[in-house]
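Subject: Structure for you to look at

Hello,

Here is the structure, with its sequence. Please open it alongside this note; what I found follows.

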Amino acid sequence: MKRFLVTAITVLVGVAIVAGIGVFNSINQEEPAAIVAKQVGTKSTPQGDLPHYELHLDVYPNSSDAVPPPRTTGAIQANLLNGQPFYHPSTSIQVPANSVVTIHFTQYDSGGQIYNPYFAQVHGTMDGTMKWNGKEVSEIKPTEVGHTFTVHQYPESSQPYFFLSVPLPMNAGNAKTDKNGYPVDPQKVSVTFITGEAGTYVWNCEFPCGDMYQEFGGPMQTRGWMAGTFEVVA
Amino acid sequence: MSAPTEETLFPTTGEPVATIARRGRVGLWLMIVADVAGTIALLISYTYLWSLNVNGGWAPPGARVPFTESNTGPQKADATWAAEWPFWVILLLVLLSTVAMWWSYKAVKAGFEAAAVTGAVLSTLLMVAALIAQWIQITTFPFGPSDGAYGSAVILLCASNLFHMLLVLFLLIGIVNRTRKGLISQDVNYQSQAVSYYMTWVVVAVLLGALVTTFFVESPNTDPAVFGTFETGAKSAPEAPPSPSATPSSSPSASPSPSAS
Amino acid sequence: MSTATTTVRGVEQVTQPPQHGKPGGIMRHLNLGTGLLTGIVFAVGAGWIVAALTPSSATTPTFAPAEPEYVYLAGLIGWVIGFMLGMGAFIGPLRWMMGRDLTHDDAEYMAGKDLGVKRYFKFTTDHKVVGVQYLVVTLVIFGFGGTLAMLIRTELGVTWSEVFSPEFYNSLIGTHGIAMIIAMIIAVSGPLGNFIVPMMIGARDMAYPRLNALSLWLLVAAAVCLISSMFVGGMQDGWSAYQPLGSQAPPGMLGYQLTIIVFAISTAIASVNLMTTILTMRAKGMTWSRTPIFVYGIFASSLMGLYAFPFYQYSQILALTDRVWGTVFFNPLYGGSVWLYENLFWLLGHPEVYVIIIPTAAVTLELMPVFLRKPLFSYNFAIAGIVGVVALSGLVWAHHMYMTGWAPAVNYPFMLSTEMISIPVGFLVLVAIGTFWRGTVWTRLPLMAVYALVFNKMIGGVTGIYLSDVPADQYFHGSMFVVAHFHYMLMGAGLFGAMGGIAFYFPKMTGRILDERIGSIGLWTAFVGFQLTFGSMFVAGLQGMPRRVLQFDEQFNISNWISTIGAYIIGLGMLIFLAAIIFSWTSGVRASGNPWGSKSLEWQTAQPVPLENFEVLPVVTERPYNYGVPDPYDEELAAEDGDRVEKVGAS
Amino acid sequence: MTATMPPPDAPEAPTNRPPSMHRVRNWMRRPYARWVMVLTVVIGFLLLPLCWLLLAAMNQTGAPASEIMQDIETTVFVFTIVSIPITAFVFAVLVYSLLGWKHVSGDEVPADESPAIRGNVIGATLWTVVSSLLAMFLVVWGLVELAQITANSYGTISADEQPGGKDALIVNVTGQQWVWTFEYPQHDGLTSDVLYLPKDRAVYFNVTSKDVIHNFWAVELGVKIDANPGAITQTGVTPNKAGTFNVRCAELCGLHHAYMETQIQVLEKDAFDSWVRESGGGRTS
């Protein structure tokens, strides 16, 4: 029964190889550890009093000794993305369901013209505004955008539709910078929104800040840099 | 070497040279078919972009009419159309080289092998001249590859000419050697014939290139707006109208960008 | 010039050019090892030089990529050139140019005369060696693409989370696509076209033996480029690599583009070689009406490849210059057009489908008479079908672009031409079922594959009718329905046909019979899995699931789960079939020269086939497929007619 | 079966019948011919439910929500019915050749016993005629339907030149990596990330893209058109069913292609107007 022996061996080896490759890549592609919003009390809203959570996100124009770049699979990818902007500390974000969430952005990058002025406006926050360096605004100049934080739908009809878009204003090109090249007084933006039922969403930056065609390559199309996941957990 | 053809046998397979020659001709024609298809692909690219003038970006920036000035990118502002005469000079050189090759083939067929060598050498020299001319033309274009679709298309056409010429040059050197060594003789001359045929096709290819680059210059589509306005990704660009609303076919009440309110 | 003469193929006194050194000259020292060595050395060298030359801050807002891309590109080009150099591909042209022609001994050495197994690892010109090499390369590429397919289905089967990151998934689908397309294009024309066709038409070798070897080793070089692209980010834009998305992809894109450029050259060479062989080297007496249908199939496929591939090649050349040189062919910012790319691409893209389908259909028709012991049903219709497909193949590309808004007006003519093509394809089906009609079924593996093929081809063909129709395509375009349809065509018809063909010619190629039992188990396992996978994929498409997504609405879950299970079953079946090949090749039952009792020319050769196939070139004196006995019913009819005439006379 | 057969001993009068007809009748008497025909009918009826199953699958999420989608579904239905007979016949031959006609297994070559049929004029002609007629029918049907759909979706004619184009709603659809935005130029450039549409009112879409090729697919409305950079493609539809439907991107467009989805809200007229007012569509900017 040599033939069946050969068959068994071939099948086993083949399955082993395929599974090995699959597992290796799957582990290799792990998302960065999620940052979880911390509770800071409750807030009264139209829906009554809801728990209030906060989390902080920074946007850096490039990595430096102070800020290490995100983990990237493959030396060549890392080399390509070297010196590109990214969200810090992580791009996997976790917020609780049915609660008020405030995200504080600190934006160190420069910027310019955004393709679609729609994303220079604030969408999906509690009163359609955001706090920019202390003052309430509902939109910024489309020519002075640094980045955007745009959460959009995940193709699951079972979860509530959720759309949040926050423009992060740019720092002037001549802004005073520290030794790492980051502005000493970066743009500070904070938005407050109410989450619905649990669900998984993705977010990415809508401002062309990558490289190659339309500056939408590189970091713009790499999880961990300018795109990530946004999870609303029950 | 004056034995009639049907008795000369091909060394490696022992078949009559006439058979080998026929085989070679068929193969050559098929190769030319593939080459034609490739050249046609390039010509399609040229004429298609020429006819579309997407976003007013066909002409080099220096030659653009004002309404398409919005596309400022990594382009030379003063880039303009290429001069037409170099295309025809190169065509002439290639043509002469081909004629010389044909002459060499006829000569070797008639048994004048010294004349054949002369013809082949002459053809080689002319092809080298064409090659140099083509190289000079490519390097001295008033535009770079990024300066409008016209620039890209013309440069690629010339590059394919360059490729053809290099190929032919290789073949010609072979022909010269072999004719000198008597490997191409009155009996065994299908290789010169094949090269002559191929060069004839190369002439046609160069001619087609010269024709389109001469007669399809200004794009016929002077109103590229019908293909939609489209903002550049350059950060330095001035604030442009929001793209989607500014189609001429939709209602003229195109909205200003919300930021203007 | 020396006047040495030898006896060549029984012809005496053939003048030989001067022999320099041992036969084969430097080719004696070149083999796959030296090829890999020089290839790697050149790749590293070129990469290193470019890395030294390029300013590392080459990133600009346009297409210009960063330094690693230039390094990778240089490495790829260095690899291809170095590999071909090390294989000795350039020796022949060089010797031609220097005027140092090959002697008969040189030629025989390069054909692998008494080199034993070593000849399979050299730049060997013998068409039989090349055929076997093609078979191995095909299996390797299938393995690669199949592995990726398993990963894709795993991602889609695990519906509750992302198994792989979107970047990796997007590069998976693209690389799987192009790997399988390449594998299917060569699956029949490569192994069988090279090994069988010359014997089938009674020739001693291909028209251009060295071009034959060249096409194979170019393919190997291209395959390496493709696989390498997975390690530098892959090509995250589907196998069609629509621009300008392709210009945003990581450097893996360059691997894809170079693969296509090299592969197109290899295909053109192979096509020219096969067509010239068929046109000029058929045995005495083999008129076009006596030529086996498989030869027609290979010829048609080569013809389509010949005129179609350059468009694909140039689309990739333009995309490459767009990426690394800043041309703007497909960059709408500066006057490029995305529709230009789509047109160039699909000008290949559709003929390529027939490049895959026609040879498998032809090899099917070739083996059916042998196993049904009756002639091919209306041979002329088979030829008409093939000719019709070739004639229409160039006129239907835009049915891939119905929904691009490129030119809505041309949807009408293209819908017409596309639906017309169902008529010649119908001819092929007619020939198939006509040959089944009243045939004595010899239940061997190759014929079983034919049943699978016809079944899948019907489903693929019918679903193709929906897609060829613009209104229906308005719903189906870009949905999973399309994926299922072309898998039914390319895999269900193409791959199963190729399995049948390989099983059929396995004895001639390896001297052993493909193990009947394991082979059948593998075939039918794969068949069942195939129906599960793509049948349920049709459902997902009908429900409105777009293709090339890695997350989707729950309503698609069930069909995707079934699909994934089926895919694993296919993988199992394919592994079993592979095992059958491995087992039979190493220690299968030895086959006689003509185990299937075929009357076709290629089976009349000795086993193992000698270096130049035939001692004396055969002469063909009768039509192919002379099987079977006179139809008993015909005599009945004749008799009845007899009576009738009498009755008429009587009344 | 046998009942329909004339008694074999009664020779039918041949004079008034052309030989070919005679042969056909004779052929029909052969058992395998009858069996294949029976199988064809059986398989055909087994396949018939597909016509409705396909539509059931397509209608899962509320389609058809427009006339165009209805046309599409009719087309699918008709094509299925038309292609069933020929499929059934081919399958019948496959089945019968596996079960009905003679079998040989084993390794040695079977003797040549099959009838040497090199062709059959009647059969081949019949097949050619039938398949050509079917293809013709499909083409004609397709052309007519396409013309109708083009009329319904206004093809590429600009909104103003359309009959009743004046009171149609214009929506500028913009695809960009990886979100859709919908602008209502008639309402002061009101822009939304969800596609709100009024019921029973013609809508024109001017579709374009900011970066790469996307494909605007309003699934239940049966609308699909590429969003090309540097070009504006146009289509249109008249939703005739209120509800929540899906927009999906049907052209691979990069990292988050799978997530480039949004909702369509088809509202009754007044609900739509109130939405416009609430979301600032009435504001004069």
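Strand E7 of chain D (residues 214–218) is largely enclosed by the rest of the structure, because five of its five residues are buried. Buried means 20 or more other C-beta atoms within 10 Å of a residue's own; exposed means 12 or fewer, and partly exposed is in between, with C-beta atoms placed from the backbone. Strands (E, at least two residues) and helices (H or I, at least four) are DSSP runs, numbered from the N terminus.

This is a predicted model: local features need pLDDT of at least 70, side-chain atom pairs count only at pLDDT 80 or more, and totals for chains, interfaces and linings use all residues. Residues are numbered from 1 along each chain as its sequence is written, while chains are lettered from A and ligands numbered from 1 in the order in which they are written.

Back to E7(D). Both of its faces are covered. His214(D), Phe216(D) and Ala218(D) are buried on one side, Asn215(D) and Trp217(D) on the other. In a regular strand, side chains alternate between the two faces of the sheet.

E7(D) has these partners. Five bridges pair it, antiparallel, with strand E8 of chain D (residues 223–227). Pairing requires at least two DSSP bridges between the strands. Asn215(D) sits opposite Asp226(D) of E8(D). The hairpin of these two strands, E7(D) and E8(D), has four residues between them, and Gly222(D) there takes a positive phi near 65°. E7(D) also runs antiparallel to E10(D), joined by three bridges. Here Ala218(D) faces Val247(D).

Val247(D) belongs to strand E10 of chain D (residues 243–249). What makes Val247(D) count as buried? It has 24 other C-beta atoms within 10 Å. Beyond neighbours within four places in sequence, its contacts include Trp180(D), Leu195(D), Phe216(D) and Ile264(D). A contact means C-beta atoms, placed from the backbone, within 7 Å.

Now the cores. A nonpolar core is a set of buried Ala, Val, Leu, Ile, Met, Phe, Trp, Tyr and Cys residues joined through C-beta atoms within 7 Å. The largest has 415 residues, and Trp217(C) and Ala221(C) have the most contacts inside it. Helix H11 of chain C (residues 338–372) supplies its largest share, 24 residues. Leaving aside neighbours within four places in sequence, Ala221(C) touches Trp79(C), Val80(C), Phe83(C), Met84(C) and Val262(C).

Last, the contact of chains A and C. It takes 32 residues from chain A and 39 from chain C. H1(A) gives the most to the chain A side, with 12 residues.

Best wishes

Conventions
Two residues are in contact if their C-beta atoms, placed from the backbone, lie within 7 Å.
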